[in-house]
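Student: I have a structure open and would like to learn how to read it. Can we go through it step by step?

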Amino acid sequence: MLPKYKVTYDIDQHGKMPASHFTTDDPVTCETFLADLMDRNLHIREIAHEGVALPSNQFDAMIRSAVLQLASRHVCTSLKISTDDAHVRFGLPA
(Lines give C-alpha, C1' and ligand atoms only; values in the text may rest on other atoms or scores of the structure.)
Protein backbone atom coordinates (compact mmCIF):
# COMPACT_ATOMS: atom_id res chain seq x y z
CA MET A 1 0.00 0.00 0.00
CA LEU A 2 1.29 3.43 -0.97
CA PRO A 3 1.76 5.92 1.88
CA LYS A 4 -0.37 9.04 1.60
CA TYR A 5 2.53 11.47 1.97
CA LYS A 6 6.15 11.12 0.91
CA VAL A 7 8.74 13.84 1.46
CA THR A 8 11.96 13.68 -0.55
CA TYR A 9 14.80 15.71 0.94
CA ASP A 10 18.58 16.07 0.99
CA ILE A 11 20.63 15.49 4.13
CA ASP A 12 23.71 16.69 2.27
CA GLN A 13 23.62 20.45 1.66
CA HIS A 14 25.64 20.01 -1.54
CA GLY A 15 23.22 17.43 -3.00
CA LYS A 16 25.94 14.85 -3.66
CA MET A 17 24.40 12.09 -1.56
CA PRO A 18 21.25 10.25 -2.66
CA ALA A 19 17.97 11.79 -1.54
CA SER A 20 16.32 10.63 1.66
CA HIS A 21 12.62 9.89 2.05
CA PHE A 22 10.03 10.15 4.82
CA THR A 23 6.56 8.65 4.55
CA THR A 24 3.43 9.00 6.63
CA ASP A 25 -0.32 8.76 6.28
CA ASP A 26 -0.95 11.76 8.55
CA PRO A 27 -0.82 15.29 7.07
CA VAL A 28 -0.05 16.88 10.46
CA THR A 29 2.90 14.52 10.99
CA CYS A 30 4.08 15.44 7.49
CA GLU A 31 3.91 19.18 8.30
CA THR A 32 5.77 18.62 11.58
CA PHE A 33 8.48 16.72 9.71
CA LEU A 34 8.73 19.55 7.16
CA ALA A 35 9.16 22.04 10.03
CA ASP A 36 11.95 19.87 11.43
CA LEU A 37 13.68 19.81 8.04
CA MET A 38 13.48 23.58 7.75
CA ASP A 39 14.75 24.00 11.29
CA ARG A 40 17.82 21.98 10.27
CA ASN A 41 18.25 23.92 6.99
CA LEU A 42 17.78 20.81 4.86
CA HIS A 43 16.64 20.99 1.23
CA ILE A 44 13.12 19.76 0.52
CA ARG A 45 12.96 18.33 -3.01
CA GLU A 46 9.38 17.15 -3.26
CA ILE A 47 6.20 16.40 -1.37
CA ALA A 48 4.06 13.68 -2.93
CA HIS A 49 0.51 12.64 -2.07
CA GLU A 50 -0.42 9.08 -2.97
CA GLY A 51 2.56 8.87 -5.31
CA VAL A 52 1.93 12.12 -7.18
CA ALA A 53 3.92 15.32 -6.60
CA LEU A 54 1.76 18.00 -5.01
CA PRO A 55 0.78 20.90 -7.26
CA SER A 56 2.57 24.12 -6.32
CA ASN A 57 -0.41 25.63 -4.46
CA GLN A 58 -0.81 22.54 -2.24
CA PHE A 59 2.97 22.27 -1.76
CA ASP A 60 3.04 25.92 -0.69
CA ALA A 61 0.12 25.41 1.71
CA MET A 62 1.92 22.51 3.45
CA ILE A 63 5.14 24.54 3.65
CA ARG A 64 3.21 27.52 5.06
CA SER A 65 1.68 25.34 7.79
CA ALA A 66 5.13 23.97 8.62
CA VAL A 67 6.59 27.49 8.75
CA LEU A 68 3.89 28.62 11.16
CA GLN A 69 4.57 25.57 13.36
CA LEU A 70 8.27 26.35 13.34
CA ALA A 71 7.70 30.03 14.11
CA SER A 72 5.42 29.11 17.00
CA ARG A 73 8.00 26.68 18.35
CA HIS A 74 10.76 29.31 18.21
CA VAL A 75 8.65 32.09 19.74
CA CYS A 76 7.51 29.85 22.58
CA THR A 77 11.06 28.76 23.33
CA SER A 78 12.59 32.24 23.04
CA LEU A 79 9.95 34.00 25.12
CA LYS A 80 9.21 31.06 27.44
CA ILE A 81 5.50 31.27 26.74
CA SER A 82 2.87 28.64 26.02
CA THR A 83 1.50 27.91 22.58
CA ASP A 84 -1.80 29.43 23.73
CA ASP A 85 -0.02 32.69 24.60
CA ALA A 86 1.78 32.67 21.23
CA HIS A 87 -1.58 32.18 19.53
CA VAL A 88 -3.23 35.07 21.38
CA ARG A 89 -0.29 37.46 21.19
CA PHE A 90 1.06 36.73 17.72
CA GLY A 91 -1.67 34.80 15.89
CA LEU A 92 0.52 31.70 15.60
CA PRO A 93 -1.04 28.23 15.67
CA ALA A 94 -1.65 26.82 19.14
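Student: Where is the place of Lys 80?

Tutor: Keep in mind that this is a predicted model. Lys 80 sits in the loop between α2 and α3 (83-90). Lys 80 is exposed, with a relative accessible area of 76%. Its phi is positive, about 55°, although Lys 80 is not a glycine.

Student: Which other residue has a positive phi of about 55° although it is not a glycine?

Tutor: Look at Glu 50. Glu 50 lies in the loop between β3 (43-49) and β4 (52-53). Glu 50 is partly exposed, at a relative accessible area of 44%.

Student: Let me step back. How many helices and strands does the protein have?

Tutor: Three helices and four strands. Along the sequence the pattern reads β-β-α-β-β-α-α. The C-alpha atoms fill a box of roughly 40 × 30 × 20 Å, taken along the principal axes.

Student: What share of the residues is buried?

Tutor: Buried residues make up 30% of the 94 residues. The cut-off for buried is under 20% relative accessible area. Now turn to contacts.

Student: How do I describe two packed helices?

Tutor: Use the angle between their axes and the distance between the axes. Here, take helix α1 (residues 27-39) and helix α2 (residues 56-79). Their axes come within 8 Å and cross at roughly 65°.

Student: Is the crossing of α1 and α2 left-handed or right-handed?

Tutor: The crossing is right-handed.

Student: Which residues of α1 and α2 meet?

Tutor: On the α1 side, they include Pro 27, Cys 30, Leu 34 and Met 38. On the α2 side, they include Met 62, Ile 63, Val 67 and Leu 70. By class, this contact has eleven nonpolar, four polar and four charged residues.

Student: Cys 30 is a cysteine. How many disulfides are there?

Tutor: The count is zero. Cys 30 is buried, with a relative accessible area of 0%. Cys 76 also counts as buried, at 11% relative accessibility.

Student: Now rings. How is a pair of aromatic rings described?

Tutor: By the distance of the centres and the angle of the planes. In this structure the count comes to two aromatic pairs. Tyr 9 and Phe 33 form an edge-to-face pair. Their centres are 5.3 Å apart, with 65° between the planes.

Student: Which parts does the pair of Tyr 9 and Phe 33 tie together?

Tutor: Tyr 9 lies in strand β1 (residues 5-10) and Phe 33 in helix α1, so the pair ties together parts that are 24 residues apart in sequence. Check burial too. Tyr 9 is buried, at a relative accessible area of 12%. Phe 33 is buried as well, at 16%.

Student: How are the rings of Phe 22 and Phe 33 arranged?

Tutor: Their centres are 3.9 Å apart and their planes stand at 10°, so this pair is stacked. Phe 22 lies in strand β2 (residues 20-24) and Phe 33 in helix α1, so the pair ties together parts that are eleven residues apart in sequence. Phe 22 counts as partly exposed, at 22% relative accessibility.

Student: Is Thr 8 buried or exposed?

Tutor: Thr 8 counts as buried, at 9% relative accessibility. Thr 8 is found in strand β1. Thr 8 and Phe 22 are 14 residues apart along the chain, and their C-alpha atoms are separated by 6.7 Å. Leave aside neighbours within four places in sequence. Then the contacts of Thr 8 include Ala 19, His 21 and Ile 44.

Student: What does Thr 23 touch?

Tutor: Pro 3, Tyr 5 and Lys 6, not counting residues up to four places away in sequence. Thr 23 lies in strand β2. Thr 23 counts as partly exposed, at 42% relative accessibility. The C-alpha atoms of Thr 23 and Leu 2 are separated by 9.2 Å, and these residues are 21 apart along the chain.

Terms used:
Residues are numbered from 1 along each chain as its sequence is written. This is a predicted model: local features need pLDDT of at least 70, side-chain atom pairs count only at pLDDT 80 or more; totals for chains, interfaces and linings use all residues. Side-chain values use heavy atoms; hydrogens and water are left out. Axes are lines fitted to C-alpha atoms, for helices over the stretch in contact, and angles run from 0 to 180 degrees between N-to-C directions. Helices (H or I, at least four residues) and strands (E, at least two) are DSSP runs, numbered from the N terminus. A crossing is left-handed if the near helix is turned anticlockwise from the far one by less than a right angle, and right-handed if clockwise. Contact means heavy atoms within 4.5 Å. Ala, Val, Leu, Ile, Met, Phe, Trp, Tyr, Cys and Pro count as nonpolar, Asp, Glu, Lys and Arg as charged, and the others, Gly among them, as polar. Rings of Phe, Tyr and Trp (its six-membered ring) pair if their centres lie within 6.5 Å; planes under 30 degrees apart count as stacked, over 60 as edge-to-face and the rest as tilted. Buried means under 20% relative accessible area, exposed over 50%, partly exposed in between (1.4 Å probe, protein chains only). A disulfide is a pair of cysteine sulfur atoms within 2.5 Å.
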